[in-house]
Amino acid sequence: MNRDEAIKRFHGGDDTFAELIDDSQPVELPTPDTDVPMVSRSVRLPMDTYERVRAAAEARGIGVTTLMRQWIEAGLADLDDSATVSLADVRRALASLSRPTAA
């Protein structure tokens, strides 16, 4: 059945489509990476900026939107002084304090 025929049948009340849906196998939807409800927004980026973000996300083994969300959350935390830092960063900072400085 071609597209035009399918549209004609659909608008004519043909119930073939309902039968096709009823007989179909269930599909598994992707599991969200968070339990928090999300809002989808579109962001226009220059291609070179997007490619840099994509490469950074790939290097971290995460998706582009996950990395963008992390960066946005970090920027917002910085605005209200509630920024979180990684334990590794804290350890590096503490280790640098314990080293004698050259005079």
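Modeller: Start with one cut-off. A residue counts as exposed when its relative accessible area is over 50%, as buried when it is under 20%, and as partly exposed in between. Keep in mind that this is a predicted model.

Colleague: Why is Glu58 called exposed?

Modeller: Glu58 has a relative accessible area of 57%. Exposed means over 50%. Therefore Glu58 is exposed.

Colleague: What makes Glu51 partly exposed?

Modeller: The value for Glu51 is 30%.

Colleague: Why are Glu51 and Arg54 said to form a salt bridge?

Modeller: The rule asks for a side-chain nitrogen of Lys or Arg within 4 Å of a carboxyl oxygen of Asp or Glu. For Glu51 and Arg54, the N to O distance is 3.0 Å. That is within 4 Å, so the pair qualifies. Both residues lie in helix H3 (residues 47-60), three residues apart, which is about one turn of the helix.

Colleague: What makes Arg54 and Glu58 a salt bridge?

Modeller: Their N to O distance is 3.2 Å. The limit is 4 Å, so this pair qualifies too. Arg54 and Glu58 are four residues apart in helix H3, so about one helical turn separates them.

Colleague: How do you know that Arg92 and Asp89 form a salt bridge?

Modeller: The closest N and O atoms of Arg92 and Asp89 are 2.3 Å apart. Asp89 has 38%, so Asp89 is partly exposed.

Colleague: What makes Leu94 exposed?

Modeller: Leu94 has 53% relative accessibility. The cut-off is over 50%, so Leu94 is exposed. Leu94 lies in helix H5 (residues 87-98). On the surface, Leu94 is part of a nonpolar patch with Val85, Leu87, Val90 and Leu97. Together these residues have about 500 Å² of accessible area.

Colleague: What about the largest pocket: how much space lies in it?

Modeller: The largest pocket holds about 490 Å³ of space. It is lined by 15 residues, and Arg41, Val43, Thr65, Met68 and Ile72 are the closest to its centre. Helix H4 (residues 64-79) gives the largest share of the lining, seven residues. By class, the lining has nine nonpolar, three polar and three charged residues.

Colleague: How many helices and strands are in the chain?

Modeller: The chain has five helices and zero strands. Along the sequence, the pattern reads α-α-α-α-α.

Colleague: What share of the 103 residues is buried?

Modeller: Buried residues make up 8% of the chain. Each of them has under 20% relative accessible area. The accessible surface of the chain is about 9,700 Å², and 56% of that belongs to carbon and sulfur atoms.

Technical notes: Residues are numbered from 1 along each chain as its sequence is written. This is a predicted model: local features need pLDDT of at least 70, side-chain atom pairs count only at pLDDT 80 or more; totals for chains, interfaces and linings use all residues. Side-chain values use heavy atoms; hydrogens and water are left out. On a 1 Å grid over the protein atoms alone, a cavity is a set of points where a 1.4 Å probe fits but cannot get out, and a pocket is an open set with protein on both sides within 12 Å along at least five of seven lines; lining residues have an atom within 4 Å of a point. Grid points are joined across faces, edges and corners, and a volume is the space filled by probe spheres set on the points. Helices (H or I, at least four residues) and strands (E, at least two) are DSSP runs, numbered from the N terminus. Ala, Val, Leu, Ile, Met, Phe, Trp, Tyr, Cys and Pro count as nonpolar, Asp, Glu, Lys and Arg as charged, and the others, Gly among them, as polar. Patches are made of residues with over 30% relative accessible area and no salt bridge: like charges are joined within 9 Å, nonpolar side chains (Val, Leu, Ile, Met, Phe, Trp, Tyr) within 5 Å. Accessible areas come from the Shrake-Rupley method with a 1.4 Å probe; for residues, only the protein chains shown count as cover. Buried means under 20% relative accessible area, exposed over 50%, partly exposed in between (1.4 Å probe, protein chains only).
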